[in-house]
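Q: I have a structure open here and would like to go through it piece by piece. Could you help me read it?

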Amino acid sequence: MSRDEILELWARFLSGSTLSQDEEKTLLEALRGDSDLRAVVLGDLEFDGMLDAVHLVDRDQEAFLADFRDRVHDEKNATQFLRGLKTRIEQGSPAGGTPSNGPKATARQRPTVRRRTGALEEGTPRRNVLPAVLAAAVLLGIVLLFTLSSSDSTRRDSDPAGSARWEKARKASREQGPAQTSAQNSEVEEERLEAERIRREAEERLAQVREAEEKAWTARRAAEAAQDKELRQKAKTALAEASRKRMEEEEHLARLREEEKKREENAAPPQKVPTPEEKPARQGTQIVVARIEKAENAFEVLAEGKRALRSGEDLRGDQEILVGEKGSATIAYLDRSRLELGAGAEVLNFKGDGGKRLFLRKGTMRAVVVKQPKGEPLVLATPHGEARVLGTTLRLNVNLDPKKGTLLEVEEGKVELRNVVGKSVLVESGRYALAAEGLELVSRPAETLRVVDDFEGPLAWQRAPETPWLGIRLIGDAVHGGRSALRFEYRPKATDSETFGQATCPISLKPGDRALRFYIRVEKQEPGANWNIQFRQRDRTCWMIGDGLLSSLKAGWNRIDVPLPREPQLTSDPGGRYDPLQAQELLFSICNKLAVFTIDDLMVISGPDAGTSDQKSK
Amino acid sequence: MTPTVDQLIEQARAGSEEAFYDLARLFQARVRGFVRRYVWDRSAADDVAQETLFAAYRSLDRYTTEIPFDLWILGIARNCALMHLRGEARRRTHEAGYLQAALAQWAADRLGGDSRIELRDRELLALRECLKRLPPESGQLVTAYYAERASSIEIARRTGRKESAVRMALVRIRQALKECVQSKCVALENP
């Protein structure tokens with residue numbers, strides 16, 4: 001797409017038009033790849049905001065100031081308000097009634113705010129009780145969380161005297177003998193551990209408050225949908241309260257960290273050398289949830305870029321992981337559950353305790369999950385739904401395209417897969433389910449294989465007539481399985497009219513077939529030698545299905561999966577419509593350079609794409 | 001006699017809520033303008049602006065006259081907007097709104113790297129001046145779109161133009177206004 005077309009898309013987005021998912025994706029990719037363009041659109045966005053502000057702020061300032069007065073009033077009575085709300089919800093009137101300490105705003109007329117995003121107008125009648133109940137329920141959750149949090153609010157702040165004791169111990173260690181120093185060190189070490197414990201508690205509390213803030217957002221959105229002015233005001237106040245608490249906790253944690261840092265800088269290093277596991281945790285900004293067991297070409301995404309992950313380092317809840325091309329990463333939890341991330345995977349929002357959770361934005365993941373505590377499944381969320389796992393082995397493949405969605409394959413055990421519209425299905429071992437836009441969520445049998453030719457019978461292949469020379473024969477000394485395999489030998493000569501050798505065999509495909517699979521073992525090849533597979537259809541058109549370089553294969557047997565493409569390249573005239581169900585012959589070609597290799601167990605794969613081959617064709 | 005900003009600050013510090021409301025009245029437009037620049041949802045922008053005023057209210061006793069009050073409060077607005085954008089990036093990612101999440105993150109990065117609060121404040125002032133100089137037709141289009149909140153489709157229907165033409169006209173007007181604001185701010189910085 002040209003820059004002008006991208007800018008046109010952007011103008012539509014800015015003017016409030018709804019972009020299709022593909023358009024949004026295109027725009028996002030263009031912005032990701034072009035920092036100048038990004039600066040332009042962000043500048044546009046800011047300027048649009050300025051223009052809006054200039055026209056907005058003079059007109060409804062009274063409403064804004066009235067809201068602010070309400071806010072101050074509400075915040076001053078926040079605890080009282082939350083208690084009142086809890087009582088009211090417990091009494092079972094989530095959306096109606098007038099609270100004794102209700103905000104003044106309900107009696108005041110404010111200008112209607114019309115949003116381009118299509119939010120609901122104030123003052124319209126209540127239409128739907130469900131969102132109100134949902135909002136109220138979430139608010140109750142927040143109230144309870146705050147109750148817990150406030151019971152914790154008698155914080156054991158880091159002891160200022162501790163720093164002094166630490167300093168004293170350091171001095172003593174210089175002035176006193178080794179025996180006394182050892183005792184002093186022990187005391188100092190205890191102090192250090194205590195400070196670390198307090199800091200960890202503060203981190204946990206912050207995580208709870210952050211979660212409460214997220215819930216408050218949900219409640220606010222639900223309240224907006226409920227059309228209940230009073231509930232909206234409450235949700236707004238609860239959100240403000242949650243944000244305030246979060247900021248307080250962040251400030252508190254920052255203070256603790258600062259003190260801890262100072263203490264470490266001032267004091268002599270303790271006798272105990274921290275284990276490698278402890279080091280990242282002490283630098284972390286969130287709770288450690290697991291460990292990176294293995295990382296190859298895998299990164300943590302940071303605001304300013306990314307950094308390579310190291311095997312053995314701790315994984316914190318706020319980290320975002322990106323696995324690069326040809327990379328992989330393994331995450332290990334304390335309970336020995338393991339997650340293996342494939343190339344291109346993007347994972348974030350990790351949660352460790354009280355039910356593990358993470359968000360797999362895209363890519364593949366294999367999870368080996370040990371039995372989880374009752375009522376606390378491991379939740380693997382994706383943009384298309386979530387898989388709830390109690391203990392099993394599974395594989396997830398998440399595609400950004402909502403029509404391709406999230407593929408769940410269960411190797412062992414049972415997994416519940418829920419899609420975004422709330423429908424769920426139980427997927428048992430040996431089956432798969434696909435949560436994708438427009439598809440019914442059902443459990444199906446996993447991948448099936450159908451043999452095209454395992455070369456155990458007579459040779460069904462023929463050399464194509466236009467091929468100058470190609471040796472094809474069954475051999476029995478190097479096989480992938482059974483007694484024989486098919487050996488190709490292509491030795492081009494300068495006088496050849498064509499630069500390829502081609503053999504054909506009959507093939508017949510069925511609906512649901514998605515790929516070809518074969519095994520290949522190279523004996524000899526010159527750089528540049530490559531293979532390709534084409535289908536010849538009933539109308540005699542030939543379509544390129546996949547190809548690859550022999551030099552990219554490893555020694556011994558390689559498994560190759562060749563997905564059946566949606567729009568393959570046409571390789572012969574006259575042009576026709578590609579339809580794999582019309583394929584009559586498979587053409588296997590060896591091109592350009594000398595190549596001697598063996599293939600075996602040619603099969604057709606039906607079912608889901610698990611992405612498990614050693615190599616896929618281009 | 002109308003009290004000065006310093007007097008209002010003193011009164012608010014002494015516990016007068018009314019004095020702080022007066023301060024809020026004086027600075028709300030600049031705070032909202034500043035925040036709205038970065039927070040593109042109008043309702044969320046007002047929440048952030050209120051959060052700013054409330055944070056200022058709570059930490060008024062920490063304010064020192066070493067920096068002007070307006071810059072102090074705009075500094076708080078900047079921090080609140082930053083926190084909102086970072087939170088928005090997290091939430092949108094979670095909801096699979098990747099374009100919005102990325103925009104929020106980039107906007108946060110941009111704001112985080114920009115400490116020229118005073119200049120940003122001036123730009124808003126300059127924009128008001130530039131708007132007055134727009135040709136009548138452009139002025140009407142801007143008023144319809146931003147003040148009356150008419151969509152580009154609605155404006156196209158009213159004026160008998162194509163929607164894409166309305167969008168492009170707005171793009172051109174914004175560009176012209178941007179240039180005008182830049183030239184004014186250069187003039188302000190180099191009087």
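This is a predicted model: local features need pLDDT of at least 70, side-chain atom pairs count only at pLDDT 80 or more; totals for chains, interfaces and linings use all residues.

Q: Okay, what secondary structure does chain A have?
A: Chain A has ten helices and 28 strands.

Q: And how many helices and strands are in chain B?
A: Chain B has nine helices and zero strands, and its elements, read from the N terminus, run α-α-α-α-α-α-α-α-α.

Q: How much of each chain is buried?
A: In chain A, 48% of the 618 residues count as buried, while in chain B buried residues make up 55% of 191.

Q: What share of the contacts is between residues 24 or more positions apart?
A: Counting contacts with a separation of 6 or more, residues 24 or more positions apart account for 64% in chain A and for 59% in chain B.

Q: Let's switch to helices. How do you describe two packed ones?
A: The description uses the angle between the two axes and the distance between them.

Q: What does H3(A) do with H1(A)?
A: Helix H1 of chain A, residues 3-14, and H3(A) have axes that come within 12 Å and cross at roughly 25 degrees. This angle makes H1(A) roughly parallel to H3(A), since angles under 35 degrees count as roughly parallel, and the crossing of H1(A) and H3(A) is right-handed.

Q: And which residues meet there?
A: On the H1(A) side they are A:Arg3, A:Ile6, A:Leu7, A:Trp10 and A:Leu14, and these meet A:Leu37, A:Val40, A:Val41, A:Asp44, A:Leu45 and A:Asp48 in H3(A). The contact of H1(A) with H3(A) divides into eight nonpolar, no polar and three charged residues.

Q: Now chain B on its own: at what angle do H7 and H8 pack?
A: Helix H7 of chain B, residues 136-147, and helix H8 of chain B, residues 152-159, pack at an angle of about 140 degrees with their axes 10 Å apart. With that angle H7(B) is oblique to H8(B), and H7(B) passes H8(B) in a right-handed crossing.

Q: Which residues touch in that pair?
A: B:Leu141, B:Ala144 and B:Tyr145 of H7(B) make the contact with B:Ser152, B:Ile155 and B:Arg158 of H8(B). By class, the contact of H7(B) with H8(B) has four nonpolar residues, one polar and one charged.

Q: Which residues of H7(B) are buried?
A: Those buried in H7(B) include B:Leu141, B:Ala144 and B:Tyr145, and also B:Ser138, B:Gly139, B:Val142, B:Tyr146 and B:Ala147.

Q: What is phi at B:Arg149, then?
A: B:Arg149, which follows H7(B), has a positive phi near 60 degrees.

Q: And where is A:Arg540?
A: A:Arg540 lies in the loop between strand E22 (530-537) and strand E23 (542-549) of chain A. Although A:Arg540 is not a glycine, its phi is positive, about 70 degrees.

Q: Is A:Asp601 buried or exposed?
A: A:Asp601 counts as buried, at 16% relative accessibility, whereas A:Arg540 is partly exposed, with a relative accessible area of 49%. A:Asp601 lies in strand E27 of chain A, residues 595-606, and its phi is also positive, near 45 degrees.

How values were computed. Residues are numbered from 1 along each chain as its sequence is written. Chains are lettered from A and ligands numbered from 1 in the order in which they are written. Side-chain values use heavy atoms; hydrogens and water are left out. Helices (H or I, at least four residues) and strands (E, at least two) are DSSP runs, numbered from the N terminus. Buried means under 20% relative accessible area, exposed over 50%, partly exposed in between (1.4 Å probe, protein chains only). Contact means heavy atoms within 4.5 Å. Axes are lines fitted to C-alpha atoms, for helices over the stretch in contact, and angles run from 0 to 180 degrees between N-to-C directions. Angles under 35 degrees count as roughly parallel, over 145 as roughly antiparallel, 65 to 115 as roughly perpendicular and the rest as oblique. A crossing is left-handed if the near helix is turned anticlockwise from the far one by less than a right angle, and right-handed if clockwise. Ala, Val, Leu, Ile, Met, Phe, Trp, Tyr, Cys and Pro count as nonpolar, Asp, Glu, Lys and Arg as charged, and the others, Gly among them, as polar.
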